[in-house]
Amino acid sequence: MRDWKDKLRESAQRRTGTEKIAPVPEEVESFYSNVVLPAFGEVQGLLEPHERQVVISPVTGHSNKRAATIAVLHNDGMELELSIRVQVDSSGSRASARWTVTDMDGHRSSFDDNPFETGSFFTSLSDITKEQIVDRFMAEYMPIFERSRA
């Protein structure tokens, strides 16, 4: 068995960048810049006239796991947050989503799903459109919006 000091040293070296990190595939960069972020921008344009603050977090992560996030805030509270995540492995690049919803009592709950209606939990990036992201986000958000106006 290896000594724990060796394990610690190796872990520290990985974190300091001495180990090479694979580049992010062009498909992933293109997906975020041409599909996800424009979809988030469209949602922002739809909601800000209705006294909603929309915060778009840029793409974060590393070469094999990336995510971009949009959050809708109203009256100093988060109403809905969506993170579109991409995972890259030997079988390709696939997307999934994590939703975080705040209920009427202020409790948050999160769930993972595939908002792209392809029948699979993960979806190939080339099968996802900006319109799908906007439509699904708005379908999830409208009940929250209507509840807040009641």
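Select R66 and E29 in this predicted model: their side chains form a salt bridge, with N to O at 3.2 Å (a salt bridge being a side-chain nitrogen of Lys or Arg within 4 Å of a carboxyl oxygen of Asp or Glu). R66 belongs to strand 2 (residues 65–74) and E29 to helix 2 (residues 26–47), so the pair ties together parts that are 37 residues apart in sequence. Colour both residues by accessibility. R66 is buried at 14% relative accessibility, while E29 is partly exposed at 34%. Here buried means under 20% relative accessible area, exposed over 50%, and partly exposed in between, with a 1.4 Å probe and protein chains only.

Next, stay on helix 2 and select E42 together with K130. Their side chains meet in another salt bridge, 3.1 Å from N to O. K130 lies in helix 3 (residues 130–149) and E42 in helix 2, so this pair ties together parts that are 88 residues apart in sequence. Both partners are partly exposed: K130 has 26% relative accessibility and E42 has a relative accessible area of 36%.

Now move along helix 3 to R136 and E140. The side chains form a salt bridge at 3.1 Å, N to O. The two residues are four apart within helix 3, about one turn of the helix. R136 is buried, with a relative accessible area of 19%; E140 is partly exposed at 22%. A search of the whole structure finds four salt bridges, among them the pairs visited here.

Zoom out and colour by secondary structure. The protein chain has three helices and six strands, where helices (H or I, at least four residues) and strands (E, at least two) are DSSP runs numbered from the N terminus. Along the sequence the pattern is α-α-β-β-β-β-β-β-α.

Switch to a surface view of the protein chain. Of the 150 residues in the chain, 35% are buried.

Finally, display contacts (heavy atoms within 4.5 Å). Among those between residues at least 6 apart in sequence, 46% join residues at least 24 apart.

On conventions, residues are numbered from 1 along each chain as its sequence is written, and side-chain values use heavy atoms, leaving out hydrogens and water. As the model is predicted, local features need pLDDT of at least 70 and side-chain atom pairs count only at pLDDT 80 or more, whereas totals for chains, interfaces and linings use all residues.
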